[in-house]
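Please keep the sequence and the model in view while reading.

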Amino acid sequence: MFSFIKKGLDKTLGAIKEILPEKVEKIDKTLLEEILIESDIPYELVEEIIYYLPPSQTVVRDDVKRVLKAYFKYDTTPVQTEQNPFVELVIGVNGAGKTTTIAKLAHNYKKENQSVLLGAADTFRAAAIEQLKSWAEKIDVGIIYTQQGHDPSAIAYDTISSAVAKKIDHVIIDTAGRLHNQVNLANELKKIVRICDKAFTGAPHRKILILDGTQGTSAINQAKAFHEMISIDAIIITKLDGTAKGGSLFGIANALKLPIIYVGVGEGKDDLIPFNADDYIDTILDSIFTQTHG
Ligand SMILES: Nc1nc2c(ncn2[C@@H]2O[C@H](COP(=O)(O)OP(=O)(O)OP(=O)(O)O)[C@@H](O)[C@H]2O)c(=O)[nH]1
Ligand SMILES: [Mg+2]
């Protein structure tokens with residue numbers, strides 16, 4: 001089976017190969033520990049994983065898979081996708097990949113013959129508005145925007161109202177990753193959430209946090225801060241293609257107890273793949289064990 005996640009894990013698999021040039025049938029736990037640490041699974045989790053393995057010094061693929069799977073029990077999202085419009089609010093620090101991911105998501109929906117309207121509520125920087133406009137043109141979806149410095153909540157409101165009036169299927173709202181300070185950011189995000197609900201009761205239906213995968217587990221604290229501000233529903237990890245820290249997803253999913261719904265594996269509009277924990281774990285284990293899955 002061709003695995004889409006493989007593109008995103010290229011560097012991580014390369015790093016594993018440096019430690020383990022030849023695949024094995026059974027692996028020594030000390031070596032496994034080294035591989036897991038190298039791929040940026042947090043140290044406490046690695047300890048825990050080793051602890052839950054059978055007591056023998058060497059272990060087989062099925063043993064490892066069983067233990068690793070436990071860290072992704074949050075990967076089913078109970079969302080009401082039948083809401084029309086289905087409103088998604090995208091948040092995250094600047095540079096995490098919010099705007100690019102919004103374009104990819106919108107492109108995905110379009111491919112499924114669903115209509116999309118984008119809201120450029122990152123009014124903090126003029127370039128941010130331009131960037132989203134240029135994506136909207138490229139993937140041919142509508143966008144509501146205003147001038148730099150205008151109230152982002154007003155944009156969120158206008159986007160949702162317009163989508164309701166035009167019976168659009170999906171609304172995706174971009175937000176600023178940084179304001180003058182953290183308190184301002186928290187207040188602004190909370191206000192956007194409130195106004196979304198005013199525009200269409202129940203909106204936003206999904207608050208998505210974008211995390212830069214190249215930051216590895218250091219993104220966890222950042223994620224917790226956003227989660228405390230407006231309680232996130234799901235995570236998307238970007239730039240998995242640019243990092244050997246592919247194991248950090250274990251730490252992120254486990255620390256936040258939130259589902260990872262997609263991973264970004266490049267800068268193009270097609271470079272967003274639905275995250276599947278089984279596929280992800282199998283791809284890593286394929287690079288360690290001779291025994292294949294199935
Ligand atoms: N390789 C790679 N690059 C990505 C991916 N996602 C985003 N990028 C790149 O990361 C950079 C930042 O992405 P943006 O989408 O502008 O990030 P942002 O969070 O909107 O940033 P601000 O608007 O400044 O807050 C851009 O150069 C993107 O092309 C990915 O999955 N893989
Ligand atoms: Mg942006």
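**Core, domains and ligand**

The largest nonpolar core comprises 91 residues, and Leu118 and Ile235 have the most contacts inside it. Such a core is a set of buried Ala, Val, Leu, Ile, Met, Phe, Trp, Tyr and Cys residues joined through C-beta atoms within 7 Å; buried means that 20 or more other C-beta atoms lie within 10 Å of a residue's own, with C-beta atoms placed from the backbone. Helix H8 (residues 182-199) gives the largest share of this core, 6 residues; helices are DSSP runs (H or I, at least four residues) numbered from the N terminus. The core draws at least three residues from each of domain 1 (5-74 + 280-286) and domain 2 (86-274).

This is a predicted model, in which local features need pLDDT of at least 70 and side-chain atom pairs count only at pLDDT 80 or more, while totals for chains, interfaces and linings use all residues. Residues are numbered from 1 along each chain as its sequence is written, and chains are lettered from A and ligands numbered from 1 in the order in which they are written.

The domain bounds come from an automatic or database domain assignment. The centres of domain 1 and domain 2, taken over C-alpha atoms, are 31 Å apart. Their contact takes 19 residues from domain 1 and 21 residues from domain 2, where contact means C-beta atoms, placed from the backbone, within 7 Å. On the side of domain 1 that touches domain 2, helix H1 (residues 5-19) supplies the largest share, 9 residues.

Around ligand 1 there are 20 residues, of which Asn94, Gly97, Thr100, Gly177 and Gly264 come nearest; a residue is counted if its C-beta atom, placed from the backbone, lies within 6 Å. Helix H5 (residues 98-111) contributes the largest share of this shell, 3 residues.

Key:
Buried ≥ 20, exposed ≤ 12 C-beta atoms within 10 Å, placed from the backbone. Helix = DSSP H or I, 4+ residues; strand = E, 2+ residues; numbered from the N terminus. Contact = placed C-beta atoms within 7 Å.
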